[in-house]
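Here is a friendly note to read alongside the model. Please keep the 3D view open and find each residue as you go.

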Amino acid sequence: MGCCGSAEVSTAWTKREWRPLEDRSCTDLPWFLLFTVFCVGMGSICGFTIVTGGAARLVFGYDSYGNTCGQRNEQIEGVRLSGLDHSDRKFVFFLDPCNIDIVQRKIKSMALCVSLCPTEELKTYQDLKRFAMFNGSELCSYELAGHKYPGLPERFTKCPKLPVPPSKPLPVFNRCTPVDISCYARFAEAVVTFVGDNSVLHRLIAGVAASKEIIIGLCVLALVLSMILMVIIRYISAVLVWILTSLVVLGSLAGTSVLWWLYIDHRLYGNDTSTKVTKEGKEEVEVSRDSSQALLVYAVAATVFTIILLLLMLFMRKRVALTIALFHVAGKVFIHLPLLTLQPFVTFLALLLFWIYWILVLLFLGTTGNPVQNEETGLTEFRLTGPLQYLTWYHAVGLVWISEFILACQQMTVAGAVVTYYFTRDKNRLPVTPILSSVLRLVRYHLGTVAKGSFIITLVKIPRLVLMYIHNQLKGKENACARCLLKTCICCLWCLEKCLNYLNQNAYAATAINSTSFCTSARDAFVILVENALRVATINAVGDFVLFLGKILIVTTTAFAGVLLLNYQRDYAEWLLPLIIVCLFSFLVAHCFLSIFEIVVDVLFLCFAIDTKYNDGTPGKEFFMDKALMVSRDDGGGGGGVARRRSSVGEVGPDRGGEWEELQEFQVYYLLVGVLVDWVLTEQSGFVLCLSEDVVLFLCFYLPTSTLFLFVSLLHTPNSAPSAKSAAVNAAC
């Protein structure tokens, strides 16, 4: 099941060859069986809640004595008024529906099963008596007779709070809900802390209701803009990338110049005024000196940052052409495979259905278990006790693992379709439905690989979520050292999760190419990424920045259209919430679509690196790549030069040392920038903590990563020296 237990691991790394789309076999079958067993466990939890009555209590409701409404109940030992026949009482009625526990997010009022909800306001106990006598629905506790309501001393504690508001039952969950939801508006105010007035809340809700057609139209606009942007990036990628790169460099130079100008001006102004200040104005001189020192620190930090940025641009200027070419080819992929644009809809639908199921089962678990009497309110509740309480934890792990599994299925599907496109020489002879073929290959051969990769992400994500929960609970209580340690651990786990996500995505692409197991695919993809480390850094830095700006462009365009449309019918206070909803939805849509574009670019790069390494354009070793990629293949990057293409399988080109040195320089500059930014943005007392976080991150994450890169490079280097013929060819090149 593990990496070390795979038979493919025994094969020497230098003898590994890529065989695109040649044969297929099942991969990681034990992990598929484990995932199947886990899903059966998830389904068993749902079955357990149904069998034990938790689902029925949630749907039909139950009273404060443990009786389920709408059915005959059994006696609960130690609970009075339990075991009643409520066959004709199908609705749950709360004596005080506005008595809400904001912390626990539940109604604290006593609940009764009634046969009819009051549709009119009941102001007196005579009205309660009349309602009970005419409708046969008693709204006070079961032991009280309806015709005696006005004169009973218990009426103040066991009858509903007057006046009883008119209510109607919910369509599915059979709860009597007040028609006037003003008390629930107060609950909403407590949840949404920025709303402090009932009138504001009602106006915002009214604005959303009145503008629903415009909101739907703007959401459709964001969807269309996202689909269009994925295609037109192909034609504007070169101009867009160079313009953005130039703007970043010019902005950095301008910001540095302004800071130095402010420092010089402040220094001259300070010197001019210091000669005129008397002894009484010493404090003003000190303030001026502190401001001057702060400006000097800012200017020096900005200068160092600009120099490092220029050096990085100098290192990566030749590799930007590859990013542009990949964006161009990715646009062609979407033209040949237009159904890829539907992949976010399918994934979102699958996630939505699973999340709805998960929430329902979680609610079922909330009404499942043994009856327990609440010591504070005296009401009967159902709670899981003993080993059964771990069912909730099992269910929570299922949320993370299955969600990651669905996202991984999307990555594998997209990777399979892109791999088929890339390694088909004649694009006019592509399969009729390459995406459907990729889905079928995934279901038939590679579900185990997807399950294993998603489980690895789950192992990292759950501890990070736990640490974030602990950090939030201890906010303001822990000391500085504990805060630094917690934040460092969370940051390290976050970085590890991002790296594993990227490695998993490339492992899925390698599996789609070679049909190898997860560990073998991850190892092979990792070797390719190490050989092209600076290319990877350039593509991720420049490409992600371009896609991020694309998301911002879609959001701002949609928001601008929303302002124009909403401003004609609503004032600012009323169309603010609809505009926020539209912006959030447009960013979500843009993120989903451009994430697919990002996956396509990453898979294309892996295919390009493999194609460049094992083919040289000679007969029998023709390139698979597009003409745009063929132009950019000789960009000076590691693993892509002529020497590497002409080396035999497993040989290391002479430029590996330069690639490694540039990678080391890049990481040192990155650490230096992080330290300087922390120095500028924090006070002197907090600088030590921020510096310690940067050093810990460098020692625990970046340095081990670099060492692992070097270790892989050494393992990948053959022991025997290259032949004289190969050496002569390399020297000639």
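This is a predicted model: local features need pLDDT of at least 70, side-chain atom pairs count only at pLDDT 80 or more; totals for chains, interfaces and linings use all residues.

**Notes on the cysteines and their surroundings**

1. Cys 495 itself counts as buried, because its relative accessibility is 10% and the cut-off for buried is under 20%.

2. Now for the cysteines that do pair up. How many disulfides does the structure hold? There are 3. As a reminder, a disulfide is a covalent bond between the sulfur atoms of two cysteines.

3. Take Cys 69 and Cys 113, which form a disulfide with their sulfur atoms 1.9 Å apart. The torsion about their S-S bond is about -80°, so this disulfide is left-handed. Where do the two partners sit? Cys 69 is in the loop between α2 (54-60) and β1 (91-94), while Cys 113 is in strand β4 (residues 111-114), so the pair ties together parts that are 44 residues apart in sequence. Both Cys 69 and Cys 113 are buried.

4. Next, look at Cys 117 and Cys 176, where a disulfide spans 1.9 Å from S to S. This link is left-handed, with -75° about the S-S bond. Cys 117 lies in the loop between β4 and α3 (125-135) and Cys 176 lies in strand β6 (residues 176-178), so parts that are 59 residues apart in sequence are tied together. Are these cysteines buried or exposed? Cys 117 counts as buried because its relative accessibility is 5%. Cys 176 also has 5% relative accessibility and so counts as buried.

5. Another disulfide joins Cys 140 to Cys 159, with 2.0 Å between the sulfur atoms. Which hand does this disulfide have? The torsion about the S-S bond is about 115°, so the disulfide of Cys 140 and Cys 159 is right-handed. The pair links distant parts of the chain, 19 residues apart: Cys 140 is in the loop between α3 and α4 (155-158), and Cys 159 is in the loop between α4 and β5 (167-169). Cys 140 and Cys 159 are both buried.

6. One more cysteine deserves a quick look. Cys 409 has a relative accessible area of 15% and is therefore buried.

7. Please also visit a residue of another kind, Glu 531. You will find Glu 531 in helix α14, which covers residues 518-531. With a relative accessible area of 3%, Glu 531 is buried. What does its side chain touch? The side chains of Glu 531 and Lys 613 are joined by a polar contact of 3.0 Å.

8. Finally, step back to the whole chain. The chain has 21 helices and 8 strands. Of its 733 residues, 44% count as buried. Among contacts between residues at least 6 apart in sequence, 73% join residues at least 24 apart. The chain exposes about 37700 Å², and carbon and sulfur atoms supply 67% of that area.

Terms used: Residues are numbered from 1 along each chain as its sequence is written. Side-chain values use heavy atoms; hydrogens and water are left out. A disulfide is a pair of cysteine sulfur atoms within 2.5 Å. Helices (H or I, at least four residues) and strands (E, at least two) are DSSP runs, numbered from the N terminus. Buried means under 20% relative accessible area, exposed over 50%, partly exposed in between (1.4 Å probe, protein chains only). A polar contact is a pair of N or O atoms within 3.5 Å; within protein, one must be able to donate a hydrogen and the other to accept it, and residues adjacent in sequence count only if both atoms are side-chain atoms. Contact means heavy atoms within 4.5 Å. Accessible areas come from the Shrake-Rupley method with a 1.4 Å probe; for residues, only the protein chains shown count as cover.
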